[in-house]
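Please look through the sequence and the structure first, then read on.

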Amino acid sequence: MRRKGTKYLSVLLTASMGCAAVLSGCGDPYGGKTHIEIINYKQEATDYFDALEEEFNATHDDIVLTIDSPNDASTILRTRFIREDYPDIIGIGGDINYSYYIDAEILADVSDYPGLENIKQSYLDIGEALEIVPTDGVYGVPYAANAAGILYNRDMFEEHGWEIPTTWDELIALCEEIQSQGILPLEFGFLDKWTCLAPWNALAVDLAPADVCKQVNRGETTFTQEYREAAEKYIQLMEYGPDDPVAYSYNDACTAFARGEAAMYPIGSYAVPQILSVNPEMNIDSFVMPGSDDPEGNTLNSGIDLQFCVTAACPDKEAAYEVLDFLLQDDVVQQYITDQNSIPCKEGDFELAPQLDGMSEYIESGNMTDYQDHYYPSEMAVDGQLQTFVQNKDVDAFLERFDREWPRYNRDIIRTTEEYEAEHGNSAE
């Protein structure tokens, strides 16, 4: 196992210093108490975390907690990292930025945190897999997850007697049946290109190796080889959506689905609150995208939506752990997953939203696979590539471009992987 090595600060810290101004106070405004600061990227949960901050400070005499959930947390964090002005804890998703932070030695090893014993192993494994190369330690405490598959109108399905598909052929047959009855089978809102990733990820977890990006980095395969079936089926799905899915935004798609204009919507669980804001009475459920014709091969596309990471610069790790203990109380976790329609990463008897009923067996069994795009560098703009792909429907061009651009945007990671492999061999798997 590698301790830590090559830094990615040049990648992390490309944001302009002028994009965010974070001021440091002077003196001791905390009356001698330990101050723990959290920067949290879940801006949509600001009210929730503001209430938690107030509750914590009302019940703790020796620690003052501040939680900031800014609009552009990523830019603010990068700017602060440049200035070496580190918060004590950061709340971030499980994606490639987390990978960069580990490699840049920004995060502390929290493997001694007792609360990890209560975190589901499946999400600890997902976090570990995000390491650029194997690195000793644990660097994040998974808190909440989301899932992507297919949302469906439960009342519409019951009215027509439609069955939930468990294979690709069954899904296509269902789409044909729905379409024959004059109903739009699938809703898409690809004007907002980030939504192009939802059905892509949900298909790719069934049809490509979970570690395909790392395999490509090691020179063992290509995306043309591993992504072809996913690309072909992705385009096939478009036949059952709007004539021009790129003409509609995410809000348009949520609104149309809420109004019963389509039977299904391939999107993540995070879309449910937006849909219910249009139609609070809508009866929504979900099922796992059946990418292949082997039901046993189905897996839930789920990743870490929020995790808490203690920074290496935190001067009082014990106080930080006390804050994490507070955040991981069962009632606090339940409040969050109810508020955000999320999946808890903590073991326990939590009540999930009814919109996740169709995914519950996968959640309970731990049969889940991380989003492929959590390994994609944002600079590569895979969402934009998918949006173009939807318009030109050229599978070969999409795959060729993916293989061509991957080394361009991952050269540092590929070099680090090659160096690690030269020293350790295939133990990176």
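What covers the buried residues of H12? The cover includes S5, S7, helix H13 (272–278) and S8, where contact means heavy atoms within 4.5 Å. Helices (H or I, at least four residues) and strands (E, at least two) are DSSP runs, numbered from the N terminus.

This is a predicted model, in which local features need pLDDT of at least 70 and side-chain atom pairs count only at pLDDT 80 or more, while totals for chains, interfaces and linings use all residues. Residues are numbered from 1 along each chain as its sequence is written, and side-chain values use heavy atoms, with hydrogens and water left out.

Helix H12 spans residues 250–258, and seven of its nine residues are buried. Buried means under 20% relative accessible area, exposed over 50%, and partly exposed in between (1.4 Å probe, protein chains only). The buried residues of H12 are Tyr250, Ala253, Cys254, Thr255, Ala256, Phe257 and Ala258. Just after H12, Gly260 has a positive phi of about 80°.

Ile150 stands opposite Phe287 in S8.

**Strand S9 and its partners**

Is strand S9 enclosed or open to the outside? Eleven of the eleven residues of S9 are buried, so S9 is largely enclosed by the rest of the structure. Strand S9 is antiparallel to S4, with seven bridges between them, and Ala145 has Ile304 in S9 as its bridge partner. With strand S11 (residues 368–369), S9 pairs in the parallel sense over two bridges, and there Asn301 stands opposite Thr369.

S9 also runs antiparallel to S3, joined by four bridges. In this pairing Gly91 stands opposite Phe308, and Ile92 has Gln307 as its bridge partner. Strand S3 (residues 89–92) is covered on both faces: Ile89 and Gly91 are buried on one side, Ile90 and Ile92 on the other. Strand S1 (residues 34–40) runs parallel to S3 and is joined to it by three bridges. Here the partner of Asn40 is Gly91.

Rolling a probe the size of a water molecule over the atoms shows where empty space is left. On a 1 Å grid over the protein atoms alone, a cavity is a set of points where a 1.4 Å probe fits but cannot get out, and a pocket is an open set with protein on both sides within 12 Å along at least five of seven lines; lining residues have an atom within 4 Å of a point. Grid points are joined across faces, edges and corners, and a volume is the space filled by probe spheres set on the points.

| Space | Volume | Lining by class |
|---|---|---|
| Largest pocket | about 1,100 Å³ | 14 nonpolar, eleven polar, eight charged residues |
| Largest cavity | about 130 Å³ | seven nonpolar, four polar, two charged residues |

In these classes, Ala, Val, Leu, Ile, Met, Phe, Trp, Tyr, Cys and Pro count as nonpolar, Asp, Glu, Lys and Arg as charged, and the others, Gly among them, as polar.

The largest pocket is lined by 33 residues, and the closest to its centre are Tyr41, Trp194, Asp305, Asp373 and His374. Among the elements that each supply at least two lining residues are helix H4 (96–103), strand S4 (141–148) and strand S9 (300–310). H8 gives the largest share, three residues.

The structure holds two cavities of 30 Å³ or more. Of the 13 residues that line the largest cavity, Ile96, Ile132, Asn217, Tyr375 and Ile413 are the closest to its centre. H4 and helix H9 (212–217) give two or more residues to this lining, and H9 gives the most, with three.

Note on methods: Pairing = 2+ DSSP bridges.
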